[in-house]
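Here are a few quick notes on the model you sent over. Have it open while you read.

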Amino acid sequence: MKDHRRYSNKTKAAFILLVVMLIILLGNFNTLRNSKNVNDNINAIYKDRLVVAHYIFQYSKELHFIKAEAEKLNLSDNIKKDEIIHTLDIIHDIDNLYAKTVLTNKEKQYFDAFLLSCKEINKQVESKNWNKIAISSAEALKTLESLSQIQIEEGKAKLAAANAMYSRNNSLGQLQIALLIILGGITFYLLIVKKIKQKIKIPEPPSMN
C-alpha cells in the first residue's frame, strides 16, 4: 500500500513537472515568435517609414523649386525648361526608390496620384505652360502632405504593435520565472524533504512486558 502511495505521489509530481516544463517551452516559442515580429516591425518603421519620409522631404524640396521657377517672371523660357527638366530627372530617380518600399493600398493610391501630377508637369514643360506647371506642382505638394500623414499613422501603428508584443513578452517572461520557481520548489521537495523524512525514525512505544 505504501509502495502504491509512493508510486502515485511520484507519478503526480512527474506529471506536474511535465506540465510546467511544457508551459515554459511553449512560452519560449511564443517569446521567440514575438521577438521576430518586434524586429520585423522595427525594420519596417525604418525601411518603409523613416526612409520614405526622407524621400517625401526630397520630393517636396524639388517640387517647391519647380513651382518657384515656373512662377518667376524675370527668367527666360529656355532656362526655366532646362532647370525644371533637370529637377524632374531627380524626382524620377526618387520614384524608383520609393516604389521599392512596402506601400499600403491607400498609400499606393496617393503615390499614383503624385506620379500623375509629375507626368502632367513633364507634359506642360514641353509646351512651356508655366501656369499649369505651377498648379500641378501645388497639387503634387498637397498629395505629398497626405503621403506624409500616412507615414505618421503607419509608423504609430507599427510602434504600437511592437510595444504590445514587448508587453506580452514581458508578461510571459514573468510567468516563466514564476513557473521555474514552482519547478524548483517541487524539485527541492522531492530531493531534500523526502530524504529528511526517510531518515527520521519514529521511536517504538515502550513494551508493556
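**Notes on the H2/H3 pair**

1. H2 and H3 run roughly antiparallel to each other, a label for angles over 145 degrees. Their axes come within 11 Å and cross at roughly 155 degrees; axes are lines fitted to C-alpha atoms over the stretch in contact, with angles from 0 to 180 degrees between N-to-C directions. Helices here are DSSP runs (H or I, at least four residues), numbered from the N terminus.

2. Ground rules: this is a predicted model, where local features need pLDDT of at least 70 and side-chain atom pairs count only at 80 or more, while totals for chains, interfaces and linings use all residues. Numbering starts from 1 along each chain as its sequence is written, and side-chain values use heavy atoms, leaving out hydrogens and water.

3. Contact means heavy atoms within 4.5 Å. On the H2 side, the residues meeting H3 include Ile84, Leu88, Ile91 and Tyr98; on the H3 side, Phe111, Phe114, Cys118 and Ile121 are among them.

4. H2 covers residues 77-99, and its 23 residues should span 33 Å at 1.5 Å a residue (1.5 Å times one less than the residue count). The end C-alpha atoms are 32 Å apart, which agrees.

5. Which residues of H2 are buried? They are Lys80, Ile84, Thr87, Leu88, Ile91, Ile94, Asp95 and Tyr98, buried being under 20% relative accessible area with a 1.4 Å probe, protein chains only.

6. Ser117 sits in H3 (residues 105-126) and is buried at 8% relative accessible area. Leaving aside residues up to four places away in sequence, Ser117 touches Ser136, Glu139 and Ala140.

Note on methods
Helices (H or I, at least four residues) and strands (E, at least two) are DSSP runs, numbered from the N terminus. Buried means under 20% relative accessible area, exposed over 50%, partly exposed in between (1.4 Å probe, protein chains only). Angles under 35 degrees count as roughly parallel, over 145 as roughly antiparallel, 65 to 115 as roughly perpendicular and the rest as oblique.
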